[in-house]
Amino acid sequence: MNYACTERATKADDDTRATWSILAENARLRNLCAQSKELAAQHELALREGNHRIKNSLQIVASLMALQGRRETNPAAQLALSTATARLQAVARIHDALQLSGGADGVDLGALLDSMCGSLQSMAGDPSAVKIVVEAEHIRAPIAVAQPAILAVNELVVNALRHAFPAGRAGSIRVSAKLRGDEFCITVADDGVGLPAGYQAGPGFGSKLVRMLTAKIGGTLKVESESGARFTLTAPSHGLLGAGC
């Protein structure tokens with residue numbers, strides 16, 4: 001009888017020790033989880049602060065370049081400075097979108113295009129002369145896809161504003177972005193004077209940059225010049241995160 005009591009007591013002690021061990025392990029894991037969440041929050045805050053500072057620095061540089069461009073009397077220098085300013089502003093806009101995304105995996109490509117074209121419209125002046133129209137679906141894209149795509153469109157729109165409508169000619173530039181099955185398509189089309197002969201093989205930095213950016217996302221670029229100029233960038237959609245941001 002005493003042996004049975006001793007055995008039960010030993011088993012009870014073992015059960016108690018096991019329970020306390022489980023409770024202690026649970027407490028340790030909860031503590032580790034809390035520490036991990038705190039570190040993740042600190043990392044996200046640092047990342048957002050970094051993007052914010054980069055965006056501000058880019059905007060300051062762009063503003064200084066725009067100021068210098070207004071002071072320049074050399075047309076070639078003015079053109080170079082305004083082109084560089086537009087490129088810097090496009091990169092700053094991407095960093096702004098990253099900050100607003102709150103650490104999400106991607107940015108809204110359609111919203112970025114709309115914002116960028118609105119800024120370019122302001123730079124261009126009177127929209128009754130040349131109007132930029134954006135018809136872009138809300139496509140969530142990782143930064144590795146969004147950044148080259150935005151910079152390519154920026155380049156194409158800026159080139160259209162400068163060369164498609166000479167001598168005060170009026171017209172429009174249409175920018176569209178659509179997700180269709182296993183591809184997404186971005187089109188920049190204008191109803192201006194069209195492209196010069198041999199444009200695609202030309203040595204211009206702008207055309208080379210657009211082709212380079214298109215290749216960076218595994219895309220192809222189709223160039224047409226009929227009743228204006230039309231650029232169609234098509235790329236695989238497997239790098240995207242979906243539609244309906």
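1. Among contacts in the protein chain between residues at least 6 apart in sequence, what percentage join residues at least 24 apart? In this predicted model, the figure is 72%.

2. On the overall layout, the protein chain holds 5 helices and 8 strands. Their order along the sequence is α-α-β-α-β-β-α-β-β-α-β-β-β. The chain has 245 residues, of which 35% count as buried.

3. The helix pair α3 and α4 deserves a look. Helix α3 covers residues 109-124 and helix α4 covers residues 143-163. Their axes come within 10 Å and cross at roughly 25°. Angles under 35 degrees count as roughly parallel, and α3 and α4 are therefore roughly parallel to each other. The crossing of α3 past α4 is right-handed.

4. On the α3 side, that contact is made by Leu-109, Leu-112, Leu-113, Met-116, Cys-117, Leu-120 and Ala-124. On the α4 side, the residues are Ala-146, Ala-149, Ile-150, Val-153, Asn-154, Val-157, Val-158 and Leu-161. By class, the residues of the contact divide into 14 nonpolar, 1 polar and no charged.

5. The largest nonpolar core has 44 residues. The members that touch the most other members are Leu-109, Met-116, Ile-150, Val-153, Val-157, Phe-184 and Ile-186. Helix α4 supplies the largest share of this core, 11 residues. Leu-109 and Met-116 of α3, and Ile-150, Val-153 and Val-157 of α4, are also among the residues of the contact described in point 4.

6. Leaving out residues up to four places away in sequence, Gln-121 touches Pro-127, Val-130, Lys-131 and Ile-132.

7. Ala-229 sits in the loop between β6 (220-224) and β7 (230-236). Its relative accessibility is 5%, so Ala-229 counts as buried. With residues up to four places away in sequence not counted, Ala-229 touches Val-188, Ala-189, Asp-190, Gly-194, Leu-195 and Glu-224.

8. How far apart are the C-alpha atoms of Ala-229 and Ala-160? The separation is 8.3 Å, although the two residues are 69 residues apart along the chain.

Methods:
Residues are numbered from 1 along each chain as its sequence is written. This is a predicted model: local features need pLDDT of at least 70, side-chain atom pairs count only at pLDDT 80 or more; totals for chains, interfaces and linings use all residues. Side-chain values use heavy atoms; hydrogens and water are left out. Axes are lines fitted to C-alpha atoms, for helices over the stretch in contact, and angles run from 0 to 180 degrees between N-to-C directions. Helices (H or I, at least four residues) and strands (E, at least two) are DSSP runs, numbered from the N terminus. Angles under 35 degrees count as roughly parallel, over 145 as roughly antiparallel, 65 to 115 as roughly perpendicular and the rest as oblique. A crossing is left-handed if the near helix is turned anticlockwise from the far one by less than a right angle, and right-handed if clockwise. Contact means heavy atoms within 4.5 Å. Ala, Val, Leu, Ile, Met, Phe, Trp, Tyr, Cys and Pro count as nonpolar, Asp, Glu, Lys and Arg as charged, and the others, Gly among them, as polar. Buried means under 20% relative accessible area, exposed over 50%, partly exposed in between (1.4 Å probe, protein chains only). A nonpolar core is a set of buried Ala, Val, Leu, Ile, Met, Phe, Trp, Tyr and Cys residues joined through side-chain atoms within 4.5 Å.
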